[in-house]
Amino acid sequence: MIKNKSNILFKYPLIAIVICFLGACGSSKPYTLGPIKTFDPDNKNIPKPAESEEHFSWETLYLSTFYQIEKPLDLGRSFQKAGQYLGISGRDEAENVNVLDDVPNSSWYTRRHYYNPMSIEALKQGPNKAGGPDTSRTITVIRGKSEGVTPGFTVKDAKGSIFVIKVDPPELPGIKSSSEVIATKLYYAAGFHTPQNSISFFDPQQLAVGDKATITKAGGEQKMTRADLEQILDQAYKREDGKVRVLASKYVEGQPLGPWDFMGTRDDDPNDRIPHEDRREVRGLRVLASWLNDTDRRTANTLASYVEEGGKKYVRHYLLDMGSTLGTDGTGLRQTKRGQEYRFDPRYMALLYGTLGIYVKPWAEPEAQDRPFYPSIGYFEAELFDPGNWVTSYPNPAFEKVTPRDGFWGAKMVMSFSENEIKAIVKTAEISNSQAEDYLMQVLLDRGEKIGRYWFQKVNPLDKFKAKHIDGKLILTFSDLAVDANLFDSSQTTYRYSVSRDGKRLLQQEMTSTPSIEVDFSVMQLQQTEEPAVIKIQIHTLRDDKVYPHKKIDVYVSIENRQARVVGLERED
Amino acid sequence: MIPLLLGVPANGETLGSTASFTMVLQDTIPATVHPDSIPYSAEPTLGRQILKAPATIFHTATLPLKWSIIFINEKNVLQKLSNFFLNDEGTAGFYPNFSVGGRTDFAAGITYFNRNVFDVGHSLDMNVFYTNRENFDFAANYKIPPSESRRYQFDFRGSLRLNDDQDIFLGGNSGSEELEADYEIERYNLQAEGGLLSGQNLLTSLSSGISHTVIDDFSRFTENGIPVENLIDTNGFGLDITTLFNTGLSATLDLRNAGSQNTNTNLVSTVTTSYDFKQTKTRVYSGALLDAGISYNRSLNNADFEFLNYFGDWQQFFPVPGLPIDRRLAFRARLEKRYPIGNGTVPFFEQSILGDADNLRGYEQDRFRNLGSLLLTLEYRYPIWDTWDAVVFTDQGQVFNKFSDINFGRFNGAVGTGLRFMTASDFLFRVEIAFSREGAVSLLEFSTNF
């Protein structure tokens with residue numbers, strides 16, 4: 001009896017664990033016979049959520065320590081990882097992707113340059129609808145900030161527009177404003193919501209301190225004086241004509257609610273249904289951030305804004321403060337370790353401790369530390385940049401969950417910018433030293449290439465599939481993003497494909513040297529039924545006659561009434 | 001291309017507009033209920049929620065800390081505390097202090113400091129550490145520091161120390177560790193020192209002082225209450241009341257190169273405004289420090305105690321070839337000797353002692369004592385973070401009666417490892433674990449050994 005009882009006691013938890021384990025490993029049909037989802041309606045009318053605050057001290061402590069302990073304690077997540085290594089479950093993929101492995105539009109993201117290439121003018125304009133502050137008339141300072149890492153102030157121009165003003169340090173002319181403008185425009189073109197950031201030049205004499213202006217000093221709010229303004233301007237870079245170069249960031253639309261988090265959902269926003277760390281665009285943001293070395297991409301540098309549009313009020317999600325990108329950390333030169341390791345990084349501590357310090361971090365080598373730099377660019381380089389190991393200053397829960405498919409999505413955003421397009425955006429940063437500007441361009445291109453080479457070998461980098469029926473043939477066209485980005489030449493590339501239907505192989509090991517596959521309808525043995533036929537085309541990419549990367553992609557094409565449509569994608573990772 | 005949709009109206013917005021999301025892209029078709037009208041949702045399954053329970057419990061346990069940190073930040077508690085404990089200039093005030101390990105397991109205290117006494121830059125420190133009525137320390141220190149126009153300094157110290165349960169190994173240095181017994185000490189000390197700073201590297205000091213020591217309850221039983229067999233003769237040990245006068249001369253030559261120079265004069269009790277080479281440099285990577293001194297000691301109430309005390313300390317630092325300079329070796333050799341004069345002897349509490357966080361780690365406190373001691377320490381120090389150093393070390397030490405007793409085979413050895421925590425320019429504390437043939441000892445100390 002006792003033995004039986006112990007068996008039961010043993011059996012039920014085991015069953016429960018198995019059920020839970022299976023629950024952790026889910027699967028779904030890789031295609032749809034219905035429409036493809038292209039929009040997530042998270043813009044439904046909601047009451048105004050409460051304002052939230054950032055708690056920097058806690059956030060950094062929590063993410064660096066406690067959260068790292070919590071992760072393995074989430075047994076579902078641990079089982080999934082174990083199952084992934086054992087080959088019995090997939091990765092913890094993003095929740096908001098459609099059957100084409102892409103991100104629908106939402107309050108977080110709008111498909112832009114990759115999906116529908118923007119003109120050079122549109123890229124240069126970025127989010128800026130009406131330019132910077134009106135500098136032809138008096139500009140009123142309404143608030144000042146003399147403390148903290150970034151001194152600055154807030155102004156209202158003659159048109160009534162309000163801008164947050166940040167100044168460049170005198171010894172590093174333009175470093176911050178140019179970084180912020182470039183990063184803003186690239187993020188915007190990639191599809192994110194950003195503020196309207198632009199470079200302006202103020203004559204200090206045209207700035208007037210408002211009667212009700214206040215300034216934060218010594219931990220308290222005080223009435224702002226002209227002397228306070230002069231003190232801030234003294235810390236600013238000035239052009240030869242005496243004008244102060246500033247970054248003007250226009251207040252975003254709507255009512256600010258404070259930052260959004262890179263983890264979890266907002267309880268008081270019914271539209272917020274996907275944990276932020278499980279959003280493809282938030283995870284994929286890591287790749288863009290790595291390109292721009294945006295190491296300060298954390299909660300504090302985001303904004304949830306309660307906007308009204310089309311009679312509906314909802315929360316829109318912005319990226320803010322791109323001042324810690326490229327070669328600056330927001331105040332001065334970036335340390336060489338930024339982007340390479342976390343500010344508090346137990347991985348490298350353990351590595352150094354275990355190797356008795358014989359291991360030397362490449363970015364701590366003297367040649368990295370003493371590397372020459374342009375004052376207007378700062379420390380921004382491509383040689384040590386490692387796209388797979390790039391990190392923010394503090395662990396970012398969404399970035400930590402990036403899968404190869406998320407990374408591929410981010411990389412295709414990065415690689416969608418041509419050299420001319422990047423150049424046009426960089427030009428808007430008004431970097432006075434042309435050599436520095438050229439250097440910046442080159443580093444962006446080199447980092448971009450590294451990103452492409454890294455992420456485009458994680459999955460088969462074919463995308464933009466289109467199916468059509470012409471003259472009794474199914475024609476499937478696609479883009480090879482690695483060829484489009486000049487990482488490989490089209491002449492060295494071929495594609496091997498097979499065609500199957502309901503598990504039955506109809507064609508196998510066919511080859512094509514162009515990103516286009518033709519399949520005769522007769523091969524597909526289509527029946528005259530009301531149900532559409534779904535054909536699976538499995539493609540491998542070959543570079544110099546060798547499969548590279550060793551990843552297949554399955555494309556599902558629905559054929560109905562002699563109409564063809566791509567209805568699903570499965571990327572092997 | 002089928003630009004139609006059901007369920008949501010098409011409005012012809014171009015891609016990229018944030019004005020509306022209600023359009024359907026070209027790769028879709030009509031449907032009765034269009035997926036674009038159905039929001040994504042990611043409700044975790046019951047199984048996932050159950051499996052997440054350990055993480056949830058752990059997360060919940062961290063919440064009080066979260067609330068505390070948020071409260072401290074929002075209410076500006078640290079600033080208020082600073083305002084409460086420090087004067088406006090930050091040159092004087094109080095701060096709490098504590099000690100873990102050492103002669104008592106735990107002691108808490110408070111320190112008052114003033115770096116600008118009488119507005120002339122003199123320095124005053126007073127601190128008290130309290131464990132209980134039988135164990136506490138009080139110390140006061142007044143300093144007149146050197147200045148640009150003045151190359152000399154004066155230092156006046158007074159202290160009171162009360163400790164019960166102090167270690168003595170009655171079986172002698174080669175005896176069993178189990179023969180550890182206890183004594184109680186009450187000690188008053190006054191010391192005055194004048195120093196002359198020659199250049200930036202050489203400090204010569206002349207000191208004089210008096211100490212009054214009362215030893216009580218010298219136990220003839222071990223800590224476990226077992227009578228000590230073959231007890232050594234304790235005549236002349238000083239197990240009574242002793243008043244000692246001392247005067248001495250010392251010189252310190254500092255040729256060390258360091259990663260940073262300590263500039264903190266406030267919230268670290270060990271830092272002083274007068275010159276103390278040992279406290280002014282953090283992350284020393286090359287060079288040497290030489291320290292030597294001699295003092296004369298004589299009992300004022302017992303003619304049996306009269307001796308010279310001399311010491312030499314050599315610290316040498318050098319980077320490891322082929323590695324960055326912050327991977328460095330630190331070597332120390334320290335020799336101490338008490339030399340009885342005439343028929344005089346040395347009280348046991350004034351003998352040279354090994355077995356401490358600052359010398360021979362890995363052994364019980366005060367494990368070895370005799371008229372002389374030789375300590376050799378080799379440490380490999382290397383950074384593992386901005387302000388954290390790891391250390392791997394070995395200590396080798398022996399006590400001796402006369403120099404001819406020094407023998408390679410008599411060294412008592414220990415090995416260990418640890419971490420040292422600093423600020424940008426200041427040493428904070430170290431945690432170490434040391435292993436010897438008598439066991440393992442873990443340490444948390446708020447001062448560096450050298």
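The dialogue below takes up helix packing, backbone angles, salt bridges and a surface patch.

A: Keep in mind from the start that this is a predicted model.

Q: How are two packed helices described?
A: Two packed helices are described by the angle between their axes and by the distance between those axes. In chain A, the axes of α11(A) (residues 404-414) and α13(A) (residues 434-455) come within 9 Å and cross at roughly 145°. The contact is made by Pro404(A), Gly407(A), Phe408(A), Ala411(A) and Val414(A) from α11(A), and by Gly448(A), Ile451(A) and Trp455(A) from α13(A).

Q: What is the handedness of the crossing of α11(A) and α13(A)?
A: The crossing of these two helices is left-handed.

Q: Which residues does a cis peptide bond join?
A: Tyr548(A) and Pro549(A) are joined by a cis peptide bond, with omega about -5°. Pro549(A) is in the loop between β17 (546-547) and β18 (553-560) of chain A.

Q: How many salt bridges does the structure hold?
A: Over all chains there are 64 salt bridges. In one of them, the side chains of Lys536(A) and Asp554(A) meet at 3.8 Å, N to O. Lys536(A) is in strand β16 and Asp554(A) in strand β18 of chain A, so this pair ties together parts that are 18 residues apart in sequence.

Q: Are Lys536(A) and Asp554(A) buried or partly exposed?
A: Lys536(A) is partly exposed, at 25% relative accessible area, whereas Asp554(A) is buried, at 4%. Asp294(A) and Arg297(A) form another salt bridge, their closest N and O atoms being 2.7 Å apart; both of these residues are buried.

Q: Which residues form a nonpolar patch on the surface?
A: In chain B, Phe71(B), Ile72(B), Leu78(B) and Leu81(B) form such a patch, with about 370 Å² of accessible area together. Helices α2 (53-74) and α3 (77-85) of chain B each give two or more residues to the patch. Ile72(B) belongs to α2 and counts as partly exposed, at 30% relative accessibility.

Notes: Residues are numbered from 1 along each chain as its sequence is written. Chains are lettered from A and ligands numbered from 1 in the order in which they are written. This is a predicted model: local features need pLDDT of at least 70, side-chain atom pairs count only at pLDDT 80 or more; totals for chains, interfaces and linings use all residues. Side-chain values use heavy atoms; hydrogens and water are left out. Patches are made of residues with over 30% relative accessible area and no salt bridge: like charges are joined within 9 Å, nonpolar side chains (Val, Leu, Ile, Met, Phe, Trp, Tyr) within 5 Å. Accessible areas come from the Shrake-Rupley method with a 1.4 Å probe; for residues, only the protein chains shown count as cover. A salt bridge is a side-chain nitrogen of Lys or Arg within 4 Å of a carboxyl oxygen of Asp or Glu. Helices (H or I, at least four residues) and strands (E, at least two) are DSSP runs, numbered from the N terminus. Buried means under 20% relative accessible area, exposed over 50%, partly exposed in between (1.4 Å probe, protein chains only). Axes are lines fitted to C-alpha atoms, for helices over the stretch in contact, and angles run from 0 to 180 degrees between N-to-C directions. A crossing is left-handed if the near helix is turned anticlockwise from the far one by less than a right angle, and right-handed if clockwise. Contact means heavy atoms within 4.5 Å.
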